[in-house]
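Me: I would like to learn how to read the packing, the pockets and the charged pairs of a protein model, taking one feature at a time. Could you walk me through it, giving the general idea before the particular case?

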Amino acid sequence: MQWIFDGHNDVLLRLWQTWQSGGDPVAEFVDGTSAGHIDAPRARTGGLAGGICAIYIPSSHLALKEPDGHGRYETPLATPLDRPPSLDIALQKAAIALRLDRAGAWRLCRTTHEIRAAMEANVFAAVLHIEGCEAIAADLTALDVLYAAGLRSLGPVWSRHNIFGHGVPFAYPKSPDTGPGLTAAGFDLVRACDTLGIAIDLAHITEQGFWDVAKTSTKPLIASHSNAHALTPVARNLTDRQLDAIRERNGLVGLNYAVTMLRPDGQENAKTPISDMVRHIDYLVERMGIDCVALGSDFDGATIPDEIGDAAGNQKLIDALAAAGYGADDLRKLARDNWLRVLAVTWGEVAA
């Protein structure tokens, strides 16, 4: 079995929803559930040894737009969120992450040494991430507190605008060049993340925002859960020029399992073959090299191929990649080593 470190999941969203409805999120993760994609039993079955776990503030009024007769769609951007309720939800999700850590259900990791140690102990290695920084004010005081709580990765925006920058819509076919990039506060956020050693995730930001981060940050460029725009031209996928910039900075792209970002037609259809996943991996590897490609499933946050199903099905992708000609060394890089390399550089553990 190939152990996997996954670059993006929304398990904290599902566990928070369980807590909101009066359930026990720790018990759900430890004992397992039929809901969603990730829990400890299914992670062990599928070799999912850890991952970057997102604190995402849901948008209650977002409704994905149905395709027109030509298969085109463009969902309006989600409404910007107010900070006080966003901070409340972020703290609630961070508390769930800390409770899971105290219960021994997973280990909240702040270094790659801690990730490796958790994986060796067969305990899920969780890294705390914020997907859209609505909980943080321009003075960045909350950033310092969240860093102390274990935050080691963030995306300045989700697919909505905030005080730090602008997000891309869910749209097909559409360029990621959909509007402005970082605000003045966004540039300050990027510089603060570089200083603290927080990874900056470019998965939901506009193309202009991508270039704004590229010219400001000194760290590897990371898109934790995005695919190739040349194969699936949704706004959330990356152009060849963006992929080239990530390669030049020794960064990383994590393959998103979301079917809308894998299929040539960009449709939300779970009857999407694993071969579409392999096709995107092949393209990314050919464009950027094997060292710059990894996995970023979007488990618990997207519709994924039925052939994968949930975290228990991860090895089906590994098997398909092996059948496509990827050797053992390449599979280790794709499954976990590339993420550990990039995080070690970003967190200041090793030189770039």
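**Salt bridges, core and pockets**

Reply: Let us begin with a pair in one helix: D244 and R247 are 3 residues apart in helix α9 (residues 240–248), and are therefore separated by about one helical turn. Helices here are DSSP runs of H or I with at least four residues, and strands are runs of E with at least two, numbered from the N terminus. This is a predicted model, in which local features need pLDDT of at least 70 and side-chain atom pairs count only at pLDDT 80 or more, whereas totals for chains, interfaces and linings use all residues. Residues are numbered from 1 along each chain as its sequence is written, and side-chain values use heavy atoms, with hydrogens and water left out.

Me: What joins the side chains of D244 and R247?

Reply: A salt bridge joins them, with 3.1 Å from N to O; the term stands for a side-chain nitrogen of Lys or Arg within 4 Å of a carboxyl oxygen of Asp or Glu. D244 is buried at 17% relative accessibility, while R247 is partly exposed at 31%, where buried means under 20% relative accessible area, exposed over 50%, and partly exposed in between (1.4 Å probe, protein chains only).

Me: How many salt bridges does this rule give, and which parts of the chain does the pair of R42 and D310 link?

Reply: The count comes to 18 salt bridges. R42 and D310 form one of them, their closest N and O atoms being 3.3 Å apart, and this pair links distant parts of the chain, since R42 belongs to helix α3 and D310 to the loop between β11 (293–295) and α11 (314–323), 268 residues apart. R42 is buried, with 11% relative accessibility, and D310 is buried too, at 18%.

Me: How should I read the nonpolar core, and which residues have the most contacts inside the largest one?

Reply: In soluble globular proteins, nonpolar side chains tend to be buried together. A nonpolar core is accordingly defined as a set of buried Ala, Val, Leu, Ile, Met, Phe, Trp, Tyr and Cys residues joined through side-chain atoms within 4.5 Å. The largest such core has 91 residues, and F29, W106 and L317 have the most contacts inside it. Helix α10 (residues 274–288) gives the most to this core, with 8 residues. Apart from it lies another core of 18 residues, including W339 and L343.

Me: What does W106 touch, leaving aside its neighbours within four places in sequence?

Reply: Taking contact as heavy atoms within 4.5 Å, the partners of W106 include V11, L12, F29, C53, V123 and F124.

Me: Which residues lie nearest the centre of the second largest pocket?

Reply: They are A40, R44, N122, V123 and F124, out of 13 lining residues, and the volume of this second largest pocket is about 160 Å³. Helix α3 supplies the largest share of that lining, 3 residues.

Conventions. 1 Å grid on protein atoms, 1.4 Å probe; cavity = no way out; pocket = protein on both sides within 12 Å on 5 of 7 lines; lining within 4 Å. Points joined across faces, edges and corners; volume = space filled by probe spheres on them.
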